[in-house]
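Please look over the sequence and the three-dimensional structure shown here before reading on. The report that follows takes up surface, core, ring pairs and charged pairs in turn.

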Amino acid sequence: MKRKKLLLYGLVVSLTFSAISPVYGEVPGKAEEQTASGEEPSLSEEISGEEDNAAGDGESSPAPHDSQEKEASEETIGGEFQAESKTAAEAPKAPPQEVVPPDEDAQTTKKGWAEEDGIWYFYREDGTKATGWLTEGSLRYYLQEDGSLSLGLTKIDQTLYYFDPIKGHLRTDSSSWHIFEGEWYYLQSGVSVTDWKFIGSHWYYFYSDGKMAVGKLELGGSLYFFNKDGSMAVGWFLDTDGSWYYLNANGTAKTGWLQLGKTWYYLNSSGQMAVGKAVVGNTTYLFKDNGAMLSGGWHLFQGVWYYLRPDGGAATGWQKIGNTWYYLSDRGEMATGWVKSGTHWYYLKADGSMATGWLLDGKYWYYLNGSGAMQTGWFRQGKAWYYLNGSGMMQTGWVQVGNTWYYFNSSGLMQTGWLKLGSTWYYLDGSGAMQTGWLKLGSTWYYLNGSGAMQTGWFLDGKTWYYLNGSGAMQTGWIKSGADLYYLDSSGAMKTDWIKLEGIWYYLTPNGSAQTGKAVVSGKNYTFKENGAMVTGWYAEDGTWYYYDSDGQIVTGWLLLGKTWYYLKEDGKMATGWLKLGSTWYYLNGSGAMATGWLKLGSTWYYLNGSGAMQTGWQTIGKYKYYFYASGAMASGCWVDDCYLTSSGAMAVKQWIGDKYVGADGHYVSSVMLWPCPAYTRVSSDFGYRDKPTSGASSYHQGVDLAAPKNSLILAAASGTIVNASSHYQMGNYVEIDHGNGLHTIYMHMESRASSAKKGTKVSAGDVIGYVGQTGVATGYHLHFGVSVNGTYVSPWNYIPDPR
C-alpha cells in the first residue's frame, strides 16, 4: 500500500511541478520555449526505483529521507544537478521508531513528518500541523498556512524561493533563472535576488519582489533601459515611443552634447535624442532624422531656411554669404519680404537675398540703392529720370511740374519725342515739355492742337486739299483714304483726271479718287487694278484669268505668248482643263498653257501630240506601242486585242505574262510547253515548302516531282539549248535547257541522259533528253521538273498544266 502511495505521490509532485515551475536552470527567453513545448523532466522511472528501494527496506518513514531517493530526484531535475553533491541527503527525519498503522478505533497523536493523500505535513509535539519555516539540520522547509509542504517555486512575503520538487527542502546548492507567473527571477542559493546583479557578462536589475526589470527605469535620479532579455542596455537604445537614448557604459542615460567620431548629437534633459530643430541656450540647431547635428551652409527645415555656422549654430542678423547679403531672425530663420533696419527699408527676395536696383512688389516699382536702402523723390539713372513718391513708389503717367506737363511711361521713364496715348500722338521736346501748334521735324510738317494732340486726315487750305497721315506727317504721292486711293503731288496738292506714272496710266475722278475695277471712260471699256493702274497683259478676276492688250482692251481666241499657246473664250476667260474644239480635245494646265506629250491626271496617263490634240487607239511613241481608250486614258496592266499592256502602258513582247507567253509582236502565243514525262503516274511532291522526304533533301521544293516507271521517257518541254548535262550528288543525272528571255527548265534524277543530250545541243519541244531514274538524293523513281525565270525558281504549273 505504501509503495502505491509513493508512486501516486511522485506523479502528483511531477504534475504540480509542471504546472507551476519552468525548466530549471534556463535563462530568460529560452525557458519559455521549453515550457511551451511541455517537455518537463519525467519522474516515472525514478519513482519506480524508489518503489523498489522501499520494498527492499521494508516499511519506510512517511517522509522522503533515503539517500538513494534524493539522488534519483536530483537527477530528475536536470543535467546541471548531476554534478552537485549527492551526500547531502538530509530530508525531514521520521520518528526513530517504526510507524505503525493507526488502529481505526483508537485515538493517536501524530508527530513529525506525515503523508496524507500524497501531501506531506509536519506535526509538532502537541500534534498540531507546523506552518512557516522549518529547519532540520542544514535543510530548511516551508509549510503553507494549511501545513502542506512547499515544493518547487514558491513566493513567500514577496520573495521567490525554490524548494526541491520532490523532497521539499530549500535548494541552496544552485543559482539559476526561473519564470514565475509570467515574470523572470534569478534565484541564488534558492532565493530570488533583488537590486543590481551581474550575471554572466551583463548587469540586471531586480525589483524588491525579485522580478527582473525590462524597459525604462529611473533609479537614484538616473535613467536606465533594459533589453527584452533583462540585460542593461548600453549605447544607442530605441524606446517604445520611438525616442532614441544614448546609454553610458554604466547604463545611465546621457544628456547634453555627445560626440561620436566626427558627429555631434544632442540629448535633452530627459535623455531623448534631438531630431529636427532644437534651441540650446539661445541658439537654434538642426539635426537629421538619425540625430546627427547639421553644420555649415544653408539647410531647409519645415519650409524655413537656416544658415548654420561650422559649429552647427544658426546664424542671426545681417549675414554676407559669398557676395550676397541675407537677414536672419533671432531664431536663425531666413527673412523674406520687407524688413526695416534702422531708418531704412530693405527688401529680401524669396531666396532670402537682399534686393538692389529696381523691384516690383505687387503692382508697384521701387528702387533700392547699392546698400539695399529704398529711394524716394527724383531719381536719375544714367540719362533717364524717374520720380518716386514718399512711399518709394515709382510714378507713371502725366505729371505737371510748374506750368509744364511731363509724361512718365509704365516703366517710370520720363518721355521725350513722340508719344502715343490711346489713339492720340503728342510731342515732348528734349526737356520732356509737351509741344503745341505747327511743328517741323526735319523735312516733315505736323500740327498739334492746344492739348498737344497731333492732327491727322484731310485738311483744306484755300481750294487745295492736303492729307496728314496717321503719323501726322503731311503726305505726297499715293495715299489711301477710306476705300479710295488719291494722288498728291510734291507740294501735297491732290490731283484729278488721267495721269501717267512710270509708264502706267491711272484715271482720277473729279473728287480725286483713283478709278478701280471696270469702267467706261470716253466710250471705251477699261479695267483698273485695285491700285488704280489700267490693266494690260494677264489679269485675274474672281479666280479667272483674262488678257488685255497694251491699250487696255480684252483679247479672245488662241493666243501665242513666246512658245506657249493659250485659249481665251468668247467672254475673254482663259481656258483650263479639257477643252473640245470641233472633234478634237485639248488640255490646258492650271496656268492655261496648252499641254503636249505625256500627261498624268490622278493615276491616269494621256498623250497629246505636238498640236496639243489628245490621242486615242494604238499609238507608237518612241520604241513602244501603247493603247489609249476613246476617253484618251492609257491602258495598263491588262489585255487588249490579245496583247498585254504592262503597268507602264507599254505593250509586252517576248515574255511570259502569268501562264501566257507573248511574242515579238506582242501577241499571245498558246501551248508554250509540252508535258515532260508522258508515263507519269502521280505528282509525288509539289512546289514550295514541305517536310524533308529524306536526309539531304530540301525543305523548300524548287520544282515538282512526277513519279514514273524506271527508264520512262523524259521530253524537252520547249525548244532551246542545253546549257548543263551533268551529274550532281543531290540532283543525280540532270539536264538544264535555256529557252531564251531568262526562261530555263531543269530535269533531275535521270537514270541516264539521252546520248544526244549534251551541253550546247539545241533541242525542240518533245525531243527525248533522258530516262526516269532515282539518282542523287531521291526516295523513288521520278522526274524532278523545275522552271526558273532570270535565275529564280518559279512554280512549273505556270508553264505546264496541273493534271490534278
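## A walk through the predicted model

Met474 sits in the loop that runs between strand 37 (464–468) and strand 38 (477–481). Together with Trp438, Trp445, Tyr447 and Phe459, Met474 makes up a nonpolar surface patch of about 490 Å².

In soluble globular proteins, nonpolar side chains tend to be buried together. The largest nonpolar core of this model holds 30 residues, and those that touch the most other members are Met673, Val735, Ile737, Tyr747, Ile769 and Phe785. Two or more residues of this core come from each of strand 62 (704–707), strand 65 (732–738), strand 66 (743–753), strand 68 (768–772) and strand 69 (782–789).

Cys677 is buried, with a relative accessible area of 0%, whereas Cys638 is partly exposed, with a relative accessible area of 21%. The number of disulfides in the structure is zero.

### Aromatic rings

How many aromatic pairs does the count come to? The count comes to 79 aromatic pairs. One of them joins Trp113 and Phe122, whose ring centres are 5.1 Å apart and whose planes stand at 75°, so this pair is edge-to-face. Both Trp113 and Phe122 are buried.

A tilted aromatic pair is formed by Trp257 and Phe287, with 6.1 Å from centre to centre and 35° between the planes. Because Trp257 lies in strand 16 (residues 256–260) and Phe287 in strand 19 (residues 283–287), the pair ties together parts that are 30 residues apart in sequence. Trp257 counts as partly exposed at 29% relative accessibility, while Phe287 is buried, with a relative accessible area of 4%. Elsewhere, ring pairs link Trp196, Phe198, Trp203, Tyr205, Tyr207, Tyr224 and Phe226 into a cluster.

### Residues brought together by the fold

Where is Thr556 found? Thr556 is in the loop between strand 45 (544–548) and strand 46 (557–561), and with 44% relative accessibility it counts as partly exposed. Thr556 and Leu568 are twelve residues apart in sequence, and in space their C-alpha atoms are 4.8 Å apart.

Leu388 belongs to strand 29 (residues 384–388), and at 1% relative accessibility Leu388 counts as buried. The C-alpha atoms of Leu388 and Thr376 are separated by 4.9 Å, although these residues are twelve apart along the chain.

### Salt bridges

Side chains of opposite charge can pair when their charged atoms come close. A search of the whole structure finds ten salt bridges, and three of them are set out in the table, with the distance between nitrogen and oxygen atoms.

| Glu125 | Lys111 | 3.5 Å |

Glu125 and Lys111, joined by a salt bridge, link distant parts of the chain, 14 residues apart: Glu125 lies in the loop between strand 2 (119–123) and strand 3 (132–136), and Lys111 in the loop between helix 4 (67–77) and strand 1 (112–116). Glu125 counts as exposed at 63% relative accessibility, whereas Lys111, at 44%, counts as partly exposed.

Is Asp239 buried or exposed? With a relative accessible area of 10%, Asp239 is buried, while Lys216 counts as partly exposed at 42% relative accessibility.

Salt bridges that share partners join Asp164, Arg171 and Asp173 into one network.

Notes:
Residues are numbered from 1 along each chain as its sequence is written. This is a predicted model: local features need pLDDT of at least 70, side-chain atom pairs count only at pLDDT 80 or more; totals for chains, interfaces and linings use all residues. Side-chain values use heavy atoms; hydrogens and water are left out. A disulfide is a pair of cysteine sulfur atoms within 2.5 Å. Buried means under 20% relative accessible area, exposed over 50%, partly exposed in between (1.4 Å probe, protein chains only). Patches are made of residues with over 30% relative accessible area and no salt bridge: like charges are joined within 9 Å, nonpolar side chains (Val, Leu, Ile, Met, Phe, Trp, Tyr) within 5 Å. Accessible areas come from the Shrake-Rupley method with a 1.4 Å probe; for residues, only the protein chains shown count as cover. A salt bridge is a side-chain nitrogen of Lys or Arg within 4 Å of a carboxyl oxygen of Asp or Glu. Helices (H or I, at least four residues) and strands (E, at least two) are DSSP runs, numbered from the N terminus. A nonpolar core is a set of buried Ala, Val, Leu, Ile, Met, Phe, Trp, Tyr and Cys residues joined through side-chain atoms within 4.5 Å. Rings of Phe, Tyr and Trp (its six-membered ring) pair if their centres lie within 6.5 Å; planes under 30 degrees apart count as stacked, over 60 as edge-to-face and the rest as tilted.
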